[in-house]
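Hi,

Here is the model I promised to pass on.

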Amino acid sequence: MSGQTLNISTSPHLTKGLGTDTIMFHVVLAMMPATCFAVYSFGINAALVVITAVLSCVLTEHILCRLSGKPSTINDWSAVITGVLLGLVLPPIFPLWMTFLGGVIAIGMGKFMFGGLGYNVFNPALVGRAVLQAAFPVAITTWYTAFQSDRFLSISSSLLAFPFMEPKVDTMSGATPLSAFKFDGVSADSMDLALGYISGSTGETSALFILLGGLYLVIRNFMNWRIPVSILGTVFALSGTLYLINPEAYPSPMFMLFSGGLMLGAVFMATDMVASPITSLGVVIYGFVIGLLVVVIRIWGGLPEGVMYAILLGNAISPHIDRLVQNRVYGTAKKKVSE
Amino acid sequence: MLALHRNTFKHGVHPPEHKEETNQLPIRQFSFPPLLMIPLSQHIGNPSKLVVREGQEVTRGQLLAESDGYLSVALHAPETGKIRKIANMPAINGKMVQGIYLEAAPSSTQEVLEGTPIDLESATSEEILKGIQNAGIVGLGGAAFPTHAKLNIPDCKHCEVLIINGIECEPYLTTDHRVMLEQSDDIFLGIRYLLKSTGAKDCVIGIEANKQDAADYLSKSIPSDLPVKVQVVPVKYPQGAEKMLITALTGKEVPSGGLPIDVNAVVVNVATTAEIGRLLPHGRGIQERVITITGPGIKKKGNYLIPIGTPLRYVLDQVGVEGKISEVYMGGPMMGVAVSNLDISITKGTSGIVVFTENQITRSEKVYPCIKCGACVDACPLSLNPSKLGILAKFEAYDQMAEEHHLMDCFECGSCSYVCPSHIPLVQYFRVSKSIVRKRKAS
């Protein structure tokens, strides 16, 4: 026993044994049901979009880390999350070169420029999508009808558009329920919406599978359930009120909940831990703001869908929410404004 | 308010308990080592002042050093023998401190030297406090804060409830559990002394639900004339912290920067209470204490009554270690100190010795950036924001941490570091930040 070296550390000497990489991995896992459904409903095109997005994000992260002389951080799974999310929010026949560009922007502008994991102000995947939407407004609103018979056999010509070229408008495109409602006043069946028998972005169509993934994360305590509950609750309450006032002019609250990217956004996008507030009250406020913006943009805005902008704005105010809303510290007066 | 609270405090964590390995093992007397190393500073405050010299022969229980000033306590000989030398010895914090090397006399009798008994009926509050100080009693839960100083109630305050802390929320440790099962008479006698000195009208013994047997036993044994009740609270770390326990039992919150007496309460550890009940009637001093020796590296785990000053190396030799020791913690694994040197000794504050041998601790050391997951915010028993504090510490914004985010309230329970998935050493950051803030304030 003499002369031996003892390991010393500062207390506590125990850890729960859970790692950030583990959390990230489980988030990827939780997105798999929705991703698999996307491949099932949109076929080989959707698979290619998601794979391209993931590859692009991981590659960008790796190269940027190396260029800046730091060890690569791709094995913490966070770049994979961004990649999968980006793939899921793009149309299933989005040209692959644009998808790739989106990944570079998401990681480069949305994450790396802010300082990497833990420092991003916005959800990186949404930064990527926002830039793509501004750059390629036509391609990003070119949809693809779900469950086409040859979806596992043929690759859409749009997908393979030559880099820096806009694809030809695909004749097989189908309007999303939201644009159908916005521009034609047609409301979709809520059962079809919930199950995903509709067209839309790659991974946003099946509310059921998205919720399944979210439920898994909540059960494993890897997600703050207050965020989706607060967003969906706000959207439901606000659109429900409008619907009660005038059912002719406003969409039903169920339609609002299950259409477009709301489910995907509320469950997997707005819950980005880094870009959301940290206190329980803070996330409820954050969720309310996002829900409010979704309803406002969808109903009164010029665009059919507003989830992306709503979440990005929510991300932007989240540091301010954190500054204003702090838990009351033990043993201090009930009203304490922490500035 | 009293009726509405939840019988526990807000937040907290649930580390694996590992108590079942020793909680059924009765307290056993440990053998006396040939040489005791007794540091003069075993408590918070001034080191005790020597009253013996090198070469002197001392009897078990004899005064070795007296209290030096108010925040200091006396020190007694744990064993009959001869003082070989008075010199520096390594302390747990890595520093060298003055202490007594006491060589045990072979074939010594079991005679114990006693001082002035404190009679419960006739003693005044001051006399009881003096008796506690002269008996060398400090908080045995681990903090080693002189007990008499804690019991001294300022004139403008009064104590309504005496809280006996039998929570023992640290994983692995079972000393308080065994003390409650085996030393109820001492505990209740100690409570009589404490009630008299504090003037409290009520006494609550707080016990966590994982020690239901101790709670049942104590409830049954309460003397009919004592206003004592046993309250069982759910298992949660760090419920044994003074503030958390007060909240769990009474629903009140100790004001930030304040003391339990600000909410008319005094909290005393249950083993300390037993020691008061055992020592004061005879005017004795502390000579030994109960320590849980456990951990995956220990062969003969158990709860042992060990003389103060027993070298750690001797203790480990006696209980046997399997394989090569890699880590030794004095106290529990959440707030205890990792030992860098086996040549230190058991002190009054040592509540447990937890030993791990190689490959038994799997600690993922990779530190990730804070992802603001909020796990620490949901763990902090004081509702601080460890995530924010950690970021501010990195920017060295110590004043902002103290002024805006209540850094100085943090008592380093370790809950935030325990849950952090990014393995950020938050408690270490806060410890350093607190000492810097204290230094800045002092200068």
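Below is what I found, starting with how the model is set up.

This is a predicted model, so to speak of local features I needed pLDDT of at least 70, and side-chain atom pairs count only at pLDDT 80 or more, while totals for chains, interfaces and linings use all residues. Residues are numbered from 1 along each chain as its sequence is written, with chains lettered from A and ligands numbered from 1 in the order in which they are written.

Confidence: the model scores ipTM 0.86 and pTM 0.89.

Now the interface. Chain B puts 54 residues into the contact and chain A 36, where contact means C-beta atoms, placed from the backbone, within 7 Å. Strand E15 (325-330), strand E16 (337-338), helix H11 (415-419) and helix H12 (426-442) of chain B each give two or more residues to the side that touches chain A; helices (H or I, at least four residues) and strands (E, at least two) are DSSP runs, numbered from the N terminus. E15(B) gives the largest share, 5 residues. By class, that side of chain B has 28 nonpolar, 16 polar and 10 charged residues (Ala, Val, Leu, Ile, Met, Phe, Trp, Tyr, Cys and Pro are nonpolar, Asp, Glu, Lys and Arg charged, the others, Gly among them, polar).

On the chain A side, take A:Thr20, in helix H1 (residues 20-42). Leaving out residues up to four places away in sequence, A:Thr20 touches A:Asp76, B:Tyr368, B:Ile371, B:Pro421 and B:Ser422. A:Thr20 counts as buried because it has 26 C-beta neighbours inside 10 Å (20 or more other C-beta atoms within 10 Å is buried, 12 or fewer exposed, in between partly exposed, with C-beta atoms placed from the backbone).

Chain B also has a strand to look at: E9 (residues 161-166), with 6 of its 6 residues buried. B:Val161, B:Ile163 and B:Asn165 lie on one side and B:Leu162, B:Ile164 and B:Gly166 on the other. E9(B) pairs (at least two DSSP bridges) with strand E10 (residues 202-208) of chain B in the parallel sense over 6 bridges, and B:Gly166 stands opposite B:Ile207 there. E9(B) also runs parallel to strand E12 (residues 265-269) of chain B, joined by 5 bridges, with B:Val268 as the bridge partner of B:Ile164.

Cheers

How values were computed:
Contact = placed C-beta atoms within 7 Å.
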